[in-house]
Amino acid sequence: MDLVRILVVDDEEDFLETLVNRLNRRGMSAQGALSGREALKMMEEKEFDVVVLDVRMPGMDGLEVLREVKNRWPFVEVILLTGHGSVESGIEGMRLGAFDYVMKPADLEVLIEKIQQARERKILRES
Amino acid sequence: MLKSTIELARYGIPWLGPAMAFLGGLALLAEGKGQWPAIAVIFGSVLSAGGIYSLLRSLRKGEKERALLDVRMLQSHKLASLGELTAGIAHEINNPLAIIGREAEWLEHLLSTMPPAEGVPRKELLESVREVGVQVNRCREITQNLLSFARKMEPIFQKVDVNRLVEDMVKLVETETQGKGIEIVRDYQQPMEPIMTDPPGLRQVMLNLLNNARQAIEGRGQITIRTRALEDGRVQIAVEDTGCGIPREHLPRIFDPFFTTKAHGKGTGLGLSICHGIVDRLGGRIWVRSEPGLGSTFVVELPATPKRAS
């Protein structure tokens, strides 16, 4: 099986770098984007399986990015990162087609498991 | 019909009294019984005029609301069938489109290998055929987008640990209820065999039910979440709240699209109808038990594996 191609989107640089490194060390192919716009640009150039997306970001916020991603790449699965959980944005995110959410600080094992389920879903849908 | 009779009675009774006073006063006045009947006539006529006015207004308002609801129902049925229609059309168009594309390619090939002949504008023909190819590709993109839109609504069945999925959603809602006098009680059956279902769909259902439970409670209260596996493998998830409950007359319409009793701007009236739609697609059932003033219990029942092949 090919490596899972993950795009992590978060405006906190340290968090982003750490998470991308840890995912790569765990045998995945992860890249990072510091903003929604950067993420969308990267997705235009390269195919990703799973997007891990921070809900609260300056500029284009996570839900806006999610809407755009699901519109343009409906098969890409999105996992939301919520700072301190908010029911309304959680419901909204699920309604917009997010696969799942993870509360920050994200537990790596939990996140990896969700990434794998999201990837499995993408494969099932494409087959 | 019964409903409109009840409505008539509800709006009719408040002005029935004044109207009687008016008529009675009028009768006494005709017999020449002095000033009290006259007061009754004036008093009664003012009150009953007000009653008639409010009755007419409420009847008109009720009519308007019913008409609005009909339109909205139609709309949501339209939305539901839109997905199927879209997928159907996209499929039907894809085949002829593929043939047009192939023929255009073949024409292009024939034209480009043809020896130049007198009076044949080969370059223009080639350009024209290429343009056909370009436009066919554009149409193909459109149909693919339409298909993926329709496919987005199709459930994808994956192995799901129900207790974990439910707990994830409970935790999210708990961050909102903490410190607000709402206690969350977990009653999960352990262990529980995983089931095959659509995880994001079930998450959406759980979030909606939990959020409704939270909003039904004013002040202090309790939300209890139960999971149970039935003997045949089916799973039941119950969300019970000690909130305001649902009036009996609302129960039959609670899963209808756009039916809402929440304050304006607080709910779209779509939450429960979306839940109903999702649970339906997952091959399950959803129902509610409610006691006004005591609370409501929503139960979602899901099969261990979907009946139809996915």
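Helices in these legends are DSSP runs of at least four residues, numbered from the N terminus, and the model shown is a predicted one.

**View 1. The fold of chain A, read along its sequence.** The secondary structure of chain A comprises five helices and five strands, and along the sequence these elements follow the pattern β-α-β-α-β-α-β-α-β-α. Of the 127 residues in chain A, 54% are buried. Among the contacts in chain A with a separation of 6 or more, 63% are made by residues 24 or more positions apart.

View 2. Is A:Lys122 buried or exposed? With a relative accessible area of 4%, A:Lys122 counts as buried, because the cut-off for that term is under 20%. When neighbours within four places in sequence are set aside, A:Lys122 is in contact with A:Arg5, with A:Glu47, A:Phe48 and A:Asp49, and with A:Phe75, A:Val76 and A:Glu77.

**View 3. The interface of chain B and chain A.** The size of an interface is often given as the accessible area lost when the parts come together. For chain B and chain A the area buried between them is about 2200 Å², and 56% of it lies on carbon and sulfur atoms. The contact draws on 24 residues from chain B and 23 residues from chain A.

**View 4. Charged and polar pairs across the interface, with the chain B side that carries them.** Four salt bridges are found across the interface of chain B and chain A. A salt bridge joins A:Glu113 to B:Arg164, with the closest N and O atoms 3.0 Å apart. Across the interface of chain B and chain A there are also eight residue pairs in polar contact, both residues being at pLDDT 80 or more. On the side of chain B that touches chain A, the elements that give two or more residues are helix H3 (122-152), helix H4 (162-177) and helix H5 (199-216) of chain B. The largest share of that side, nine residues, comes from H5(B). Sorted by class, the side of chain B that touches chain A holds eight nonpolar, seven polar and nine charged residues.

**View 5. Two cysteines of chain B, B:Cys244 and B:Cys275.** Over all chains the count of disulfides comes to zero. B:Cys275, by contrast, is buried, with a relative accessible area of 0%.

Methods. Residues numbered from 1 in each chain as written. Chains lettered and ligands numbered in written order. Predicted model: local features only at pLDDT ≥ 70, side-chain atom pairs only at ≥ 80, totals over all residues. Heavy atoms only, no water. Buried < 20%, exposed > 50% of the residue type's maximum accessible area, 1.4 Å probe, protein only. Contact = heavy atoms within 4.5 Å. Buried area = accessible area lost by both parts, 1.4 Å probe. Salt bridge = Lys/Arg side-chain N within 4 Å of Asp/Glu carboxyl O. Polar contact = N/O pair within 3.5 Å; in protein donor to acceptor, adjacent residues only side chain to side chain. Nonpolar A, V, L, I, M, F, W, Y, C, P; charged D, E, K, R; others polar. Disulfide = S-S within 2.5 Å.
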